[in-house]
Amino acid sequence: MSTAMDRAREIELAETAEKRARERMAKWNSDPKVKASVRRNHETIREMKAAAPAKRA
Amino acid sequence: MAFVCILDNEDAFYEVARRGSSHLVTINVGYDDAEERSYSAMVALDRMAGGEWELTFCLSEYDAETDGIHDFFRERDVAGFIAKNDRTLILVHVIRAIHDLLHSVQPDRVYMCTFEADLPEPAMLKYDSIEEMFRVCHYAVHRQPDHHGQRIWWMERRAPAIVDGLNT
């Protein structure tokens, strides 16, 4: 990346990076497969939490 | 509330989602011991309009009561409720996910930058680790001049012949 045009592009990308990341992740989060994945993760954790006292008993 | 980390240095539960050429790795990292909330590290590799790729990572909080997801992108927000040792463990798995993504997607050129200006050195350590993983995966890492304190990188995949050492 050495030309002025390249530099202008990487600066533009830097200035809009957080907005782009938030929009991108919001899109991923609304993806049914991703939503199902985090729900599954939550269920796995719920089962772990439920099993923990039994293990200690 | 207190964050409980479920990770160790061994394997973690990873899931990969695809949308077009974009990839997302979800890593189950922990939960809130008082609320119905669980946490995942998200690592995304997405293609930009110019054809280059961009690496994004964040911590996502799933609230089972609202079925909503909230993303944390800033270190200081995460540091408010996750201890340093646990953040280090999460980083270990994020780096592994980046390794897996680079091997499976093989992007030619990847852009990365910090969102915040003038991050303190401790906050930059994770970027040092990411840089190193790119090098391990046979990428040339080009750190560009900062832009108002934001750090910028381009990572470029080396030619296959060099990667494989066939020309030596």
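This report describes chain B and its interface with chain A in a predicted model.

Local features need pLDDT of at least 70, side-chain atom pairs count only at pLDDT 80 or more, and totals for chains, interfaces and linings use all residues. Residues are numbered from 1 along each chain, chains are lettered from A, and side-chain values use heavy atoms, without hydrogens and water.

**Chain B**

Chain B has four helices and nine strands. These are DSSP runs: H or I of at least four residues for helices, E of at least two for strands. Along the sequence the pattern is β-β-β-β-β-β-α-α-β-α-β-β-α. The C-alpha trace spans about 55 × 35 × 30 Å along its principal axes. Of the 168 residues in chain B, 51% are buried (under 20% relative accessible area, 1.4 Å probe, protein chains only).

**The interface**

Contact means heavy atoms within 4.5 Å. Buried area is the accessible area (1.4 Å probe) lost when two parts are put together, summed over both. A salt bridge puts a side-chain nitrogen of Lys or Arg within 4 Å of a carboxyl oxygen of Asp or Glu.

| Interface item | Value |
|---|---|
| Residues in contact, chain B | 46 residues |
| Residues in contact, chain A | 34 residues |
| Area buried between chain B and chain A | about 3,600 Å² |
| Salt bridges between chain B and chain A | nine salt bridges |

Carbon and sulfur atoms give 55% of the buried area. A:R39 forms a salt bridge with B:D67; their closest N and O atoms are 2.6 Å apart. On the side of chain B that touches chain A, β3(B) gives the largest share, eight residues.

Definitions and conventions:
Buried means under 20% relative accessible area, exposed over 50%, partly exposed in between (1.4 Å probe, protein chains only).
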